Amino acid sequence: MKTNSKTIAVMMLVLFMASCKNKDARMLTVINEDGTCIREYSFHTEEKKLMKPQEEDFDSLIDKHWERSWSVIGNDSLRHPVPMTQAQVDSLQKLNPNKQLSDTLMVHVKKQFETVQDMSDQLLMAKGFKANSKLEKNFKWFYTDYTFTETFAYDGPPLFPIPISRFLGTDSASYWFTGHPDLTRNCSGQEKKDVLDKMEVKVNQWINANWFTEICKIIADNYDKVKNPPVSKEAFVSQCDELAMHPDVLNYTDDKFDNFKKLLDSHFHSDAYTSLKLDTLDNSLPYESFLAFNTNYDLVMPGKVTDAGMGEYDGRAIHYRVSGERTIPDGFKYSISATSRVTNIWAFVVTFLVIALAIGSFFIRRRGSR
C-alpha cells in the first residue's frame, strides 16, 4: 500500500497549521465616514507582471480598475508606479544577485468601493472563501459611532470529516486556533505550557483521526479496485468510522501511515485494502487551498478607535490575522470587528449657537420689559 506524497504533504500542512505563513501578504481596509471604503492587497509577485501597463489586466481576478503600484520588501513605504521598467529590474537584480526578484517584490492593488459589501464581494487572495461585511452608524448628536464587521466563511469542498469538537471544547478549540479567549491569563510560563501541551495532544489526535478517515475514503471511492474485499463497501465505511477513534490511530506519532496499514490488516484479517496503490488513485484533497488563505489584515476606522475586538490597535490601524485555520472552531467562519467614534464638531457649533441665541434672547426680552 503506497501513499501519494501529496496526501502526506497536505496532512503535514494541517499538522503545522498554527504556524505563521504568508507573513508578507497583507489586506488593508479603510472605512470612510461617508460609508465608502478602500481595499488594498499586498503580495509577492514577479517582475514580468509588474511590467504590464496599468491599463492591462493583472490577471483573471485583478483587472485594470484596480490601481497598482509596487515596492521592495523592507521599504514598503516607498511605492513605485506601474509599469516597472527594465532598468529598474536590472538595478534590483544587481542589488540582490543571489535572490529571486519574486522574493523581494511586492505588488499593491487598491480599489475604492461605494459600500463595504461591494468590497467583500470582490474578495481576493482567498480561494474557496467568501466574505460578508456590515457597517453600522450610530448617530448620537455630539459624536457618531461606527461599527465595522467582516466575516470570512469557507465555501469550498467539505473538510475534516471528524469535527474538532469531538476532541476539544469550544473555548479550547478557539484558543488553540485564534488565541481567544485567553485561557492562560494569569498563568505562569510552566502552567501555560501544561495547558498547551494537553491541547496539542488532542489536536494531534484530531489530525490523526481525519488522516485515517481520508485514507479510508480514498479506498471506499475506489472500492471496485479492491481485490477480494473481506466485507462490503457499506460495512467497510461503517467500521472505518469506528476505527478512526481507535487508540492505535489517535495516539501514534511516528510513521502514522505504516501504523494505519497494520491496523487495517489486523482488523479486517486481510491485506486487500493495503495492497492498493493509492498513488495511482484519485486522492485529491481540498486542504491546500483552505490553508493557503493566511494573511495580515489591517483596518483603518474613521475617528478614534474605541473597541479593536480581537485586533491590536497601534494608534493608526488595527492589526488582525485572518486565515483558514482560524475558521475551524466556529463552523468554518471567522469574524473581525471594530468600533470607532467620530466627534461631530458641527454639533458643538450648532449647540453653542443655540445656547448663545437663547441667552441673547433672554437678555433682549429682559431689557424690553424695563
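Modeller: Two strands pair if DSSP finds at least two bridges between them. Keep in mind that this is a predicted model.

Colleague: How many bridges join strand E8 to strand E11, and in which sense do they run?

Modeller: E8 and E11 (residues 318–323) run antiparallel and are joined by 6 bridges. One of the pairs to look for is Asp 298 with its bridge partner in E11, His 319.

Colleague: In which sense does E8 pair with strand E1?

Modeller: E1 (residues 26–31) pairs with E8 in the parallel sense, over 5 bridges. There, Arg 26 has Asn 296 of E8 as its bridge partner.

Colleague: What does Tyr 297 touch?

Modeller: Leaving out residues up to four places away in sequence, its contacts include Met 27, Thr 29, Phe 148, His 319 and Ile 336.

Colleague: Which residues touch the most other members of the largest nonpolar core?

Modeller: Nonpolar side chains tend to be buried together in soluble globular proteins. The largest core here has 82 residues, and Tyr 297, Leu 299 and Trp 206 are among those touching the most other members. Helix H6 gives the largest share of this core, 10 residues.

Colleague: Is Asn 210 buried or exposed?

Modeller: Asn 210, in H6 (residues 189–221), counts as buried because its relative accessibility is 1%, and buried means under 20%. A polar atom of the Asn 210 side chain lies 3.1 Å from the backbone nitrogen of Ile 162.

Definitions and conventions
Residues are numbered from 1 along each chain as its sequence is written. This is a predicted model: local features need pLDDT of at least 70, side-chain atom pairs count only at pLDDT 80 or more; totals for chains, interfaces and linings use all residues. Side-chain values use heavy atoms; hydrogens and water are left out. Helices (H or I, at least four residues) and strands (E, at least two) are DSSP runs, numbered from the N terminus. Buried means under 20% relative accessible area, exposed over 50%, partly exposed in between (1.4 Å probe, protein chains only). A polar contact is a pair of N or O atoms within 3.5 Å; within protein, one must be able to donate a hydrogen and the other to accept it, and residues adjacent in sequence count only if both atoms are side-chain atoms. A nonpolar core is a set of buried Ala, Val, Leu, Ile, Met, Phe, Trp, Tyr and Cys residues joined through side-chain atoms within 4.5 Å. Contact means heavy atoms within 4.5 Å.
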